[in-house]
Structure formats: structure tokens, C-alpha cells
Amino acid sequence: MKKKILATLLAGAMVLSLAACGSTPAASTETPAASTEAPAASTETSVEAPAADAGEKVDLEMWCIATESDSNRHSYEAAIADVTAAHPEVNFTWEAIENQAYKTKIKAAVAADEMPDIFFTWSCAFLGDFVDAGRVYCLDDAYETWKSELPESMMGNSTYGGKHYGVPLTMNIVGLFANMEILKSIGYDAVPGTYEEFIACCDALKAAGIIPFGCAGKETWCVTEYLESVIEKSCGADTLNDIFLGKATWNNDDVASAVDTFQGLVNNGYFDPEGIALSNDEVKANFMAGKYAFYMNGTWNCADFAGNAEFGPKVQVAEFPVINADKATLGQLIGGPSDTLAVAASSKNAELAATFTFELGREICHYGYLDGCGLPAWTPYYEAAGINPLTQAVAEICANAKAYVLFGDTAMNADSANTYLSYVDQVYGCAIDGAGFVAGLTNDIG
């Protein structure tokens with residue numbers, strides 16, 4: 001059964017890879033500008049391989065987002081231990097930076113051509129901008145060794161002009177996580193399946209003095225996890241995907257209506273009002289502490305939720321319900337293969353770094369899947385017994401997927417993504433409505 005789910009998942013990801021990003025993203029006319037804003041504190045770890053029998057060691061450096069609080073931290077640590085042990089000729093160092101600060105840091109490094117040998121990136125246009133700038137090493141030669149374990153379908157989101165530039169890790173979707181202990185306290189034995197039932201549930205939660213949703217306004221990508229799901233389940237995956245890829249304009253009445261729907265949830269008091277000033281770590285901790293009934297975020301959270309002895313038995317994951325059945329269906333999901341490792345074209349040891357990156361990507365996928373941090377982009381070479389129930393539930397959701405739309409700030413190029421996120425901020429802060437959202441983005445992006 002697990003093999004069947006995996007095969008279906010890979011087939012669904014093929015649709016995403018071919019449809020969501022395409023083989024060549026829109027060309028970027030500028031290298032991303034360096035930022036003067038100092039990034040947040042990072043975690044730096046040095047893992048030195050055993051001494052080689054002869055010759056001088058080669059230094060390789062990596063940047064990523066697997067900080068101490070990140071769900072993927074263990075998968076990186078375990079993978080690095082395995083791969084460095086197999087490469088005594090390499091002295092490997094790595095630095096982990098918080099998600100939002102990392103985006104600033106890596107864009108500034110690309111602009112200055114001062115990149116580490118290996119770097120974490122999101123696929124599609126985010127990586128595509130760096131490829132267009134000539135900053136990324138082509139992995140075609142190295143990929144030949146791994147083609148039997150890493151399907152071409154999973155490489156689509158990091159393929160540009162027919163050439164491969166990234167090593168995918170795990171894949172994730174946006175999940176609707178629910179605290180079932182809270183829901184049962186107001187008479188619900190399951191996550192509501194229709195939008196009308198869902199709204200009734202939120203009203204019942206409010207009446208009981210319980211906040212339905214927590215959302216980290218301090219990190220705008222967290223707001224998009226909610227907003228993009230609402231738009232997709234109102235307008236349909238094809239509409240949202242075409243807009244993100246620049247194939248259609250933002251001037252869309254259905255999008256404006258969907259934004260109003262989302263803002264209505266905010267205005268109805270379904271969201272924690274303190275959330276606008278909170279980080280994702282703070283909101284996630286509040287959800288686990290029982291402050292909110294629902295938390296919409298990436299399914300990489302399955303590992304932390306399921307691994308918590310007290311909270312794990314309380315939580316379930318579901319798909320956000322359909323709002324407009326004339327244009328959207330269940331099985332239309334936000335997410336897909338995105339987390340990627342790449343090699344800098346400026347690396348003095350790019351060929352070795354490429355080999356090291358594929359080995360590292362394979363093992364991060366291995367440990368990440370076993371930990372429950374996502375579904376595998378690589379074909380598993382191991383028994384996957386003991387996968388936590390939340391990750392198994394995500395696999396079942398993905399097995400029934402009809403379409404994926406990659407996260408907006410990843411699917412769009414850097415300039416468009418920054419503009420988009422600024423308007424998302426205004427929507428969450430109720431500074432503009434749906435009409436203002438689409439009018440502003442139509443004017444600023446198209």
C-alpha cells in the first residue's frame with residue numbers, strides 16, 4: 001500500500017513539475033539587490049571528516065535554514081554525519097539561518113557573488129533568478145549517477161533551459177492541522193469537510209471562547225499559507241497557478257472575492273489578534289499549547305507534532321475545504337517539491353561539491369521522510385515502517401491530489417514575490433480589501 005501511495009505521489013508531482021514552473025522560468029532582468037538589513041542570528045556547525053590517508057583536505061561550506069528549532073534539523077545533522085564520514089577528503093562546515101533572514105542573506109550573497117559552495121534554495125523562480133544571473137553550477141553531469149534513484153519528474157522545478165541546477169529533498173503541502181481535543185469539546189469528532197460546516201465550527205469555537213486560528217503576521221509567508229489556500233479553493237488551481245507564473249493577470253474578480261473571503265475570516269475574529277506581531281515559532285507553540293483549534297502551515301510540522309508525546313495524540317491533518325465547487329475541488333493543493341540544494345558556480349571545487357550535494361540530498365530526504373518532515377522526492381531505498389500517522393495522512397491526501405500550486409513567493413521571481421508579499425501584509429492588516437489587492441498587483445506586476 002505504501003508503495004502504491006508513493007507511486008501515485010510521484011505521478012502527481014510530475015504534473016506539478018511540468019505544469020507549475022515549466023522548464024524555463026521567466027527571465028529576470030536584474031540580479032537581486034543586496035540588502036542592508038542584518039539577518040537574524042544563525043546557528044553554525046562544523047563537522048570535520050576523519051583525516052584522509054594522504055593529501056590536503058578540501059573545504060566545502062553550506063548555508064541552509066535547518067536551525068535548532070527547525071523540524072528538519074535532525075535530518076540535516078544525520079545526513080551530514082553520514083556523508084562526511086564517506087568523504088574524509090572534505091572538511092565540511094555549515095551554517096543555518098532562520099527562514100526569512102536567509103532569503104535576505106542568500107540574495108545579497110548572489111548579488112555580490114560571495115556564495116558558499118552549497119546552498120539551500122527554493123525551486124522554480126526563486127532558484128531561477130540565481131540561474132539567470134549565472135551564479136549556479138549545472139548539475140547535469142553529476143545527475144547521471146543518481147537518475148535511477150531521483151526521478152526526472154522530481155527535477156522539473158529546478159530545471160531551466162533543459163539543464164538541471166538543483167537537488168530536491170522532501171516535498172510538502174500546506175496542511176490544515178486541527179487540535180481534536182478542542183474540537184471534541186464543542187461536539188466535533190472530525191475536521192469539518194465542507195466550508196459551511198467549517199464556518200459553523202469556527203463560530204462554535206468563538207462562542208466557547210476559543211480562538212479558531214493562529215497565524216504569524218510577523219512572517220508573511222505564514223499568512224500566504226492561509227490566503228493561497230482560500231484563493232485556490234475559490235478560484236481553482238489552474239487560475240492561481242497561471243497568475244503566479246505570469247500566464248494570467250492579477251486583474252481577476254474571483255481572486256478579489258476570495259481575498260475578501262479571507263479578510264472576512266480575519267474580521268469575524270477567527271484569527272488571534274496578537275498573531276500579527278508573532279513569529280511562526282511563537283504561533284506554533286501556542287497551537288501546541290491549546291490556544292488555537294487550527295493551524296495552517298507546511299506538513300514538515302508533522303514530525304514535531306507527532307513526536308510530542310502530549311500533543312501528538314490530539315492533532316489531525318486535513319485539507320482545507322472547497323469554497324466554490326463550481327471552480328475548485330478537493331485534491332487541489334498548495335505545495336509540492338520545492339526544498340532544494342544547489343551548488344555555486346563560483347565554488348573552487350564545484351565538481352566535488354556537486355557529488356557531495358547529491359549524496360547529502362539523498363540522505364536528508366531519507367532522514368527527513370523517516371522523521372516525518374515531508375514526503376520523499378527520492379525513491380526510498382529503505383523500509384519506511386514506523387512513519388508517524390500524520391505523515392501517513394499527508395501521503396493519503398497527496399495520493400488523491402488532482403493539482404498542485406507551488407507556494408506563491410517561490411513560484412514568482414524575486415521582484416514579483418516581494419511585491420506580492422507586501423500586498424499580503426496589507427490584506428492581513430486590513431489596510432486593503434480584495435479589490436485593492438488585485439488592483440495593486442495588476443498595476444505593479446501585471
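Leaving aside its neighbours within four places in sequence, which residues is histidine 366 in contact with? The first legend has the reply, and a few notes come before it. This is a predicted model, in which local features need pLDDT of at least 70 and side-chain atom pairs count only at pLDDT 80 or more, while totals for chains, interfaces and linings use all residues. Residues are numbered from 1 along each chain as its sequence is written, and side-chain values use heavy atoms, with hydrogens and water left out.

**View 1. Histidine 366 and its surroundings.** Histidine 366 is in contact with Tyr381 and Tyr382, once neighbours within four places in sequence are set aside; contact means heavy atoms within 4.5 Å. Histidine 366 sits in helix α14. Helices (H or I, at least four residues) and strands (E, at least two) are DSSP runs, numbered from the N terminus. Is histidine 366 buried or exposed? Its relative accessible area is 11%, so histidine 366 is buried. Here buried means under 20% relative accessible area, exposed over 50%, and partly exposed in between (1.4 Å probe, protein chains only). The side chains of histidine 366 and glutamate 363 are joined by a polar contact of 3.1 Å. Such a contact is a pair of N or O atoms within 3.5 Å; within protein, one must be able to donate a hydrogen and the other to accept it, and residues adjacent in sequence count only if both atoms are side-chain atoms.

**View 2. The largest nonpolar core.** This core has 85 residues, and Met62, Tyr76, Phe92 and Leu360 touch the most other members. Helix α14 (residues 350-371) gives the largest share, 10 residues. The core lies between domain 1 (21-171 + 336-386) and domain 2 (172-335 + 410-444), because both give residues to it. The domain bounds come from an automatic or database domain assignment. A nonpolar core is a set of buried Ala, Val, Leu, Ile, Met, Phe, Trp, Tyr and Cys residues joined through side-chain atoms within 4.5 Å. Beyond four places in sequence, tyrosine 76 touches several residues, including Met62, Trp94, Phe120 and Ile364.

**View 3. Strands β2 and β3.** Strand β2 (residues 58-64) pairs with β3 in the parallel sense over seven bridges; DSSP must find at least two bridges between strands for them to pair. Aspartate 59 stands opposite asparagine 91 in β3. Seven of the eight residues of strand β3 (residues 90-97) are buried.
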